[in-house]
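I opened my notebook to jot down what I could look up in this structure. Here is the model first, then my entries.

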Amino acid sequence: MVHFSVLFIILVTQLVTATDRHKIVYKSLQKASDECKQYNVQEDCLARCVTLVTRDWTDSNGLSPVYGRFFHPDPNDTCSDNRTQRCLQSSDTRVPQPSACTRSSESVQCYLEQYGTVNTTVPQFLRFTTLHDAQLVLECAAMLGYASFEQLNELLNDDNFARQETRCVMRCFMIRSGLYSDSAGLNMARYYVLCGGYEDSFYEQVAECSARLRQEVSCDDKCTLAQRLAIECIGVDYATSTILQQKGNSYDIIQAYQGSEVYNIDAQNANSNVALSAVQQNKAINIDNINSDFYKFGDKIKFD
């Protein structure tokens with residue numbers, strides 16, 4: 001597994017700046033805990049709620065290994081990862097599968113006792129969900145002028161990214177999700193969280209692939225470079241956007257209404273009070289900045 005200590009330093013130092021907000025979400029364990037307490041979550045289920053908020057827990061798969069980003073491992077303790085994994089495996093055999101709250105509590109306890117010193121106050125990057133994935137695709141398509149049903153259908157059926165428009169939507173998606181910038185390239189620390197962890201060898205392969213593509217692709221073709229980095233270096237196993245990459249029924253999931261439908265495009269992120277709203281009238285998209293102290297979600301985007 002890739003070294004958590006290095007990733008932790010990278011993630012902590014990448015604080016949200018004005019040029020790095022987009023749709024990136026950071027949250028601390030303390031903030032997640034405060035949210036759960038507002039919902040009157042019972043104490044024995046608090047760990048499950050917190051790790052659901054940080055998107056590190058699923059009842060089917062348990063606790064993601066990237067939960068370790070909230071901890072400071074002792075660099076001299078080379079066995080902390082193995083001890084943590086043995087503790088998690090022991091918990092899995094003891095606790096029945098339906099007991100999700102108990103399983104999550106014991107999993108978190110494994111990290112507290114075996115992995116390192118927890119840091120509850122520093123916000124960490126959160127992976128986005130499939131719903132956010134689809135929302136980002138729609139937002140990027142709208143901002144780049146591809147908002148009609150026909151245009152979206154063409155983008156979502158472009159299996160091989162043959163169209164420049166599709167490649168530019170992918171680049172927009174990668175930038176707004178915090179996974180990429182033209183200057184720094186792929187953000188492997190955030191990809192690590194998104195992918196749920198990967199081996200050191202994968203990181204090395206991506207570095208070699210990135211160097212090769214920067215030689216092959218013209219520096220003026222920013223969309224193609226970003227798309228090829230995502231597809232050829234990160235690949236399908238660790239998908240950047242499941243909506244854009246794992247075609248299947250994805251183009252049946254997103255349906256954009258025609259006519260005068262209203263799309264509220266949420267661009268509010270950590271400590272940001274800026275939102276975007278887009279109104280489609282006669283297939284024209286107008287995007288204006290508006291001040292907002294709350295999240296706005298469009299009710300005219302249908303997910304089946």
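This is a predicted model: local features need pLDDT of at least 70, side-chain atom pairs count only at pLDDT 80 or more; totals for chains, interfaces and linings use all residues.

**Entry 1: Thr-102**

I started with Thr-102, which sits in helix H5 (residues 100-115). For me a helix is a DSSP run of H or I with at least four residues, a strand is a run of E with at least two, and both are numbered from the N terminus. Thr-102 has a relative accessible area of 39%, so I put it down as partly exposed. The cut-offs I used: buried is under 20% relative accessible area, exposed is over 50%, and partly exposed is in between, with a 1.4 Å probe and protein chains only. I also looked up Arg-48, which is 54 residues away from Thr-102 in sequence but 8.3 Å away in space, C-alpha to C-alpha.

Residues are numbered from 1 along each chain as its sequence is written, and side-chain values use heavy atoms, with hydrogens and water left out.

**Entry 2: the whole protein**

I counted up the secondary structure and got 13 helices and 13 strands. Of the 304 residues in the protein, 47% are buried. Next I checked contacts (heavy atoms within 4.5 Å). Among those with a separation of 6 or more, 66% join residues 24 or more positions apart. The accessible surface is about 15200 Å², and carbon and sulfur atoms hold 49% of that. That area comes from the Shrake-Rupley method with a 1.4 Å probe.

**Entry 3: H2 and H3**

How do the axes of H2 and H3 cross? Helix H2 (residues 29-38) and helix H3 (residues 46-53) have axes that come within 9 Å and cross at roughly 120°. That makes H2 oblique to H3. My axes are lines fitted to C-alpha atoms, for helices over the stretch in contact, and the angles run from 0 to 180 degrees between N-to-C directions. Under 35 degrees is roughly parallel, over 145 roughly antiparallel, 65 to 115 roughly perpendicular, and the rest oblique. On the H2 side I found Leu-29, Ala-32, Ser-33, Glu-35, Cys-36 and Lys-37, and they meet Leu-46, Cys-49, Val-50 and Val-53 of H3.

I then looked at the loop between H2 and H3, where Asn-40 is found. Asn-40 isn't a glycine, yet its phi is positive, near 60°. Most residues other than glycine have a negative phi. Asn-40 counts as exposed, at 67% relative accessibility.

**Entry 4: H8 and H11**

Helix H8 (residues 164-176) and helix H11 (residues 222-234) have axes that come within 8 Å and cross at roughly 70°. These two helices are therefore roughly perpendicular to each other. Among the residues making the contact are Arg-167 and Met-170 of H8, and Ala-226 and Ile-231 of H11.

In the loop between helix H7 (149-156) and H8 I found Phe-161. Phe-161 has a positive phi too, near 55°. Is Phe-161 buried or exposed? It counts as buried, at 5% relative accessibility.

**Entry 5: H9**

Last stop was helix H9 (residues 188-195), where eight of the eight residues are buried, so H9 is largely enclosed by the rest of the structure. The buried residues in H9 include Arg-190, Tyr-191 and Tyr-192. After H9 comes Gly-196, with a positive phi near 75°.
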